[in-house]
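Here is a short report on one protein chain.

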Amino acid sequence: MNITKQRKFKYGGAAVVFAAAFIAVIIIINAIFTAASNKYALYIDMTTSKYYGISDTTKDLLQDFNDDVTIIFCTPLDRLPDNQVSSMIYTLAQAFSSQYANISIDYMNWETETERVRQYMMTAGTTINSYSVIIDCPAKGQYRVLNWNSFIAYNTEGEEYGFNGELRFVSSFLQITGENATVCFTTNHAEDIKGASALISLFESAGYTVVYTDLATEEIPEEASIMVVFSPKTDFMGMEGSVNEFDKINAFTGAYGHLMLFLSPANQTLPELNSYLYENWYVDVHNVTLTESGVNALSGDGRNIAATYAEDSTPGANLTQSLRSLDAPPKAIMFNALGLSVAEGGDNQENSTFASYVLTTSDNAVALTNGQETDRGKYGLMMLSGKTTYDENNEVHQNFLLVSGSADFAGQSFLESASYANRDILYSAMQAMGKDKVPANIEVRKFEDSSLDITSAQANRWTIVFAVVIPLVFLIMGSVVYIRRRHL
């Protein structure tokens, strides 16, 4: 008997062919949609924190963003989904590439493409490996090499608490395509450069190139627009020193440069610096440690202070105007702060040099000297002083000095937390000092809940689709095949 002529084989074979063809179609459709999702970012972000969303703030910052930029992953595409962090970074990169035609995604094998890797290792400190993401703008000849870990936000205990991919991408775009701005940190007064790491990262996120200068032996770089002195422990050299550092500072500010000083009561035996601030900027530094009580105290010893916003019409108060306009303004935190005040004559806004408060204590702050109360009253915690000058064309120029009575104001725990106003105040100061675009108000997406952000009604609909509709489709198809086989 010829088995191929049997009815059972004939129609059974047709069913096998149909099933195989159906499976092949499903595989092809899946491959097409997978390829399309990789190219066109076809996905729905249903995460609670919207890890892959592009905020309105970012859209405003990138409104005039036209230079071609390539996001280069040093891991093959097929391995990116293997790691949760790389998968999140890649998905967000897809979102940017889909939103902006000038952003593309590329891949590089860091182990075999040695010549290509070498062009991104222009400094000895640059490391490129499989965990690297390179943001490249060939037209500007600028790039940034990032590590996967830099896309994760960590708390003071070193624990992961959020995804800051949007901020990391946007700040890199601004750095490599925006105006070239440079900030200079001084180093020859035992400054706490390690403690300034969060502040340095903040400047970099705003598009600044960070450089370091020894004022005793070097000049302030001509390209620098801001000079930062962070928690100095030794004094500056003045008229009686081998080098007059204040001459260099005056030349810098005379060319419309700006200054930022972060001080601390722990190292305030700095008479030369204090005299310079008093005589040139109307800033009077009080060598006391300030404490608060009640609602303004955030610690038992009162040294962790919830600062009070200045609310007058001065330039200092203008730095916090957008924060104060919120329904619930965030707290600005000052920890371990000394006192500041406006020197006599400095509050006259008609003078070419003026001083104003940004943040203050309450009216009942306690000033301690060597642990003993020496005064009680209102002190400045942060001040903004300015100078107005005219050039040969009679054009007006302003340059500023921002003084914080607390170096800890710019510490990691305060700058990296979206709960405090510290970061936004410094971004606002950067804008006042000439930086047009800073990535303020881009929040870290917290790892609060890994569940999908869908309503009960949506969940019920999806349940019906997967539990009823899809099985019903297969049941109908199977029934059709069965009936046709019975009647053929």
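This is a predicted model: local features need pLDDT of at least 70, side-chain atom pairs count only at pLDDT 80 or more; totals for chains, interfaces and linings use all residues.

Residues are numbered from 1 along each chain as its sequence is written, and side-chain values use heavy atoms, with hydrogens and water left out.

The chain has 13 helices and 22 strands. These are DSSP runs numbered from the N terminus: helices are H or I, at least four residues, and strands are E, at least two. Of the 488 residues, 45% are buried (under 20% relative accessible area, 1.4 Å probe, protein chains only). The chain exposes about 25000 Å², by the Shrake-Rupley method with a 1.4 Å probe. Carbon and sulfur atoms supply 52% of that area. Among contacts (heavy atoms within 4.5 Å) between residues at least 6 apart in sequence, 69% join residues at least 24 apart.

A nonpolar core is a set of buried Ala, Val, Leu, Ile, Met, Phe, Trp, Tyr and Cys residues joined through side-chain atoms within 4.5 Å. In the largest one, Leu199, Phe203 and Leu359 touch the most other members. Helix α3 (residues 84-99) gives this core its largest share, 8 residues.

| Core | Size | Members include |
|---|---|---|
| Largest | 82 residues | Leu199, Phe203, Leu359 |

Strands β18 (residues 365-369) and β19 (residues 372-377) pair in the antiparallel sense over 5 bridges; pairing requires at least two DSSP bridges. Thr369 stands opposite Gln372 in β19. The two strands form a hairpin with 2 residues between them. In the turn, Asn370 has a positive phi of about 55 degrees.

Terms used
Buried means under 20% relative accessible area, exposed over 50%, partly exposed in between (1.4 Å probe, protein chains only).
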